[in-house]
Amino acid sequence: MDALEQLIKTFFDWEAMGAVLPSMLTVGLPNTLTLAFSSGLLGCILGMLLAVMGISRNPVLRWLSRIYTDVFRGVPAIVTILLIGIGLGPIVRQLTGSTNPFPLGILALTLMAAAYIGEIFRSGIQSVEKGQLEASRALGFGYSSSMRLVVIPQGIRRVLPALVNQFISLIKDSSLIYLLGLLSSQREIFRIGNDAAANSGNLSPLIAAAALYLVLTVPLTHLVNFIDNRLRTGKPEKREPDELAAPIGKKA
Amino acid sequence: MTEFTSGTLTGKNLHLSFGHNHVLRGIDLHVEKGTTASVIGPSGSGKSTLLRVMNRLIEPDQGDILLDGRSVLKDNPDELRQRIGMVFQQFNLFPHKTVVDNVSLALRKLRKLPKDQAHAEALEQLDLVGLKHKADARPANLSGGQQQRVAIARALAMKPEVMFFDEATSALDPELVKGVLGLMADLAKGGMTMVVVTHEMGFSRNVSDTVTFMDAGVVVESGPPEQVFSAPETDRLKGFLSDVL
């Protein structure tokens with residue numbers, strides 16, 4: 001039974017978990033969410049720009065979007081984070097005097113997320129029937145107003161599930177920012193777990209980190225399913241007043 | 001039906017090619033103010049393309065388009081299309097907006113009306129097509145015939161001088177066709193200038209003032225409905241009529 005005990009002690013040492021949990025919740029969680037939300041938001045903005053460029057009639061814009069997407073989708077996250085974070089770090093330090101790795105970490109995560117989000121948006125926009133653009137143009141709207149008011153809003157709705165998936169991977173990828181060197185107050189969930197594990201030689205803090213990631217991501221995956229379902233079947237129809245009246249009438 | 005400020009529309013020697021495919025080969029079409037011109041012909045004859053060229057959704061390679069006698073080819077095409085309403089075979093309502101927002105969108109964003117006023121005008125238009133009670137529904141929850149009537153209201157809300165109908169009843173279930181055709185006939189009676197691309201020979205014969213028969217990108221015959229339907233001159237028109245009637 002020694003081996004089993006050893007295993008349980010290595011992975012499920014409740015005391016070690018309890019010790020790391022407060023800092024994980026008060027420091028790690030806000031930092032992880034800051035990284036994921038800000039790069040998710042910025043990634044959506046840049047991604048939309050890439051998507052619109054990608055379907056532009058101007059071939060130069062199309063190519064720029066294509067090249068950007070291919071590069072940032074094709075390079076491993078860890079390489080991008082190191083290149084941006086460590087490569088641009090000294091310049092940022094000279095310009096601003098700040099050694100905070102968050103801005104560059106967020107930049108690196110944003111640049112990568114934008115490549116994926118751009119493709120998601122582009123596929124959504126291109127899936128909208130041609131007749132929608134035509135009907136909008138026929139009303140007298142120009143190309144850009146038609147895209148903004150009619151085509152893009154429909155395209156975004158169709159890809160909401162894919163967008164949430166992308167956000168889930170951002171939550172996970174944000175852990176890679178530890179490569180840039182973090183002060184104790186800058187650590188995100190993974191780094192806190194990893195530090196505690198390294199100090200104690202016990203892996204339980206990492207299990208705690210994993211559990212916390214699941215707490216964040218599992219509800220999101222279910223949100224995806226909910227949105228997907230809602231988009232497929234539509235909002236539950238509001239009943240007409242007479243339909244509502246009928247069951248009441250029956251009871252009376 | 002309300003009065004319309006309709007205009008006279010003329011297409012002169014319109015040509016259009018997609019690569020080697022010469023779709024329009026010198027089309028002339030004149031629609032006098034307040035009249036209805038129907039355009040008939042086999043599929044692939046260029047009827048729908050003609051409509052799209054005449055409101056410059058597709059720019060013609062050659063020829064001229066005149067509205068009330070003035071060439072509109074140098075105008076801003078977006079402004080031209082505000083003056084020409086268009087109704088499509090597949091309705092093309094905006095599914096992410098409610099029925100009333102479908103109608104008021106262009107009023108708000110193009111006519112720059114305040115929200116309340118645009119909403120009120122949209123409701124008025126919906127009332128005209130008998131669908132005011134569906135104002136807050138989504139297009140997907142309407143029947144095809146209702147959707148097409150909303151599409152007509154959406155086009156009419158911009159107070160167009162000319163209305164285009166591109167096979168407006170072809171995608172409808174047979175029992176819904178009549179309502180839409182009736183609405184179109186009302187518009188014609190109300191003095192709207194209309195160009196109606198249609199496979200509904202009854203409508204073409206009874207409602208329109210002129211009938212134009214197109215085949216392979218040219219106008220083969222045109223004239224008043226009695227003449228075109230009762231005394232066709234060309235073999236192509238005779239053949240087409242015997243196929244569809």
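A pocket is an open set of points, on a 1 Å grid over the protein atoms alone, with protein on both sides within 12 Å along at least five of seven lines; lining residues have an atom within 4 Å of a point. The model is predicted, so local features need pLDDT of at least 70 and side-chain atom pairs count only at pLDDT 80 or more, while totals for chains, interfaces and linings use all residues. Residues are numbered from 1 along each chain as its sequence is written, chains are lettered from A and ligands numbered from 1 in the order in which they are written, and side-chain values use heavy atoms, with hydrogens and water left out.

**View 1. The second largest pocket is lined by 18 residues.**
Lys130(A), Leu133(A), Glu134(A), Tyr143(A) and Met147(A) lie nearest its centre. Helices H5 (102–126), H6 (130–139) and H7 (143–173) of chain A each give two or more residues to the lining. H6(A) gives the most, with four. Helices (H or I, at least four residues) and strands (E, at least two) are DSSP runs, numbered from the N terminus. The space in this pocket is about 590 Å³; a volume is the space filled by probe spheres set on the points, with grid points joined across faces, edges and corners. The lining has nine nonpolar, one polar and eight charged residues. Here Ala, Val, Leu, Ile, Met, Phe, Trp, Tyr, Cys and Pro count as nonpolar, Asp, Glu, Lys and Arg as charged, and the others, Gly among them, as polar.

**View 2. The largest cavity has lining residues from chains A and B.**
A cavity is a set of grid points where a 1.4 Å probe fits but cannot get out. The structure holds two of 30 Å³ or more. About 70 Å³ of space lies in the largest. Its lining includes Ala135(A), Ala138(A) and Leu139(A), along with Arg81(B), Phe88(B) and Met158(B). H6 of chain A and, from chain B, helix H2 (77–83), strand E6 (84–87) and helix H5 (144–157) each give two or more lining residues. By class, eight are nonpolar, two polar and two charged.

**View 3. The second largest cavity holds about 40 Å³ of space.**
Among its lining residues are Glu167(B), Leu181(B), Met184(B), Val196(B) and Glu200(B). Helix H6 (174–189) and strand E8 (193–197) of chain B each supply at least two. Five lining residues are nonpolar, two polar and two charged.

**View 4. Four strands of chain B form an open antiparallel sheet in the order E2-E1-E4-E5.**
E2 (21–31) and E5 (70–71) of chain B stand at the edges with a single partner strand each, so one side of each lacks a neighbour in the sheet. Two strands pair if DSSP finds at least two bridges between them. E1(B), residues 9–18, pairs with E2(B) over eight bridges. Gly11(B) stands opposite Leu29(B) there. E1(B) and E4(B) share five bridges, and Thr10(B) has Leu66(B) as its bridge partner.

**View 5. E4(B) and E5(B) form a hairpin with two residues between the strands.**
These strands pair in the antiparallel sense over two bridges. Leu66(B) stands opposite Ser71(B) in E5(B). Asp68(B) takes a positive phi near 50 degrees.
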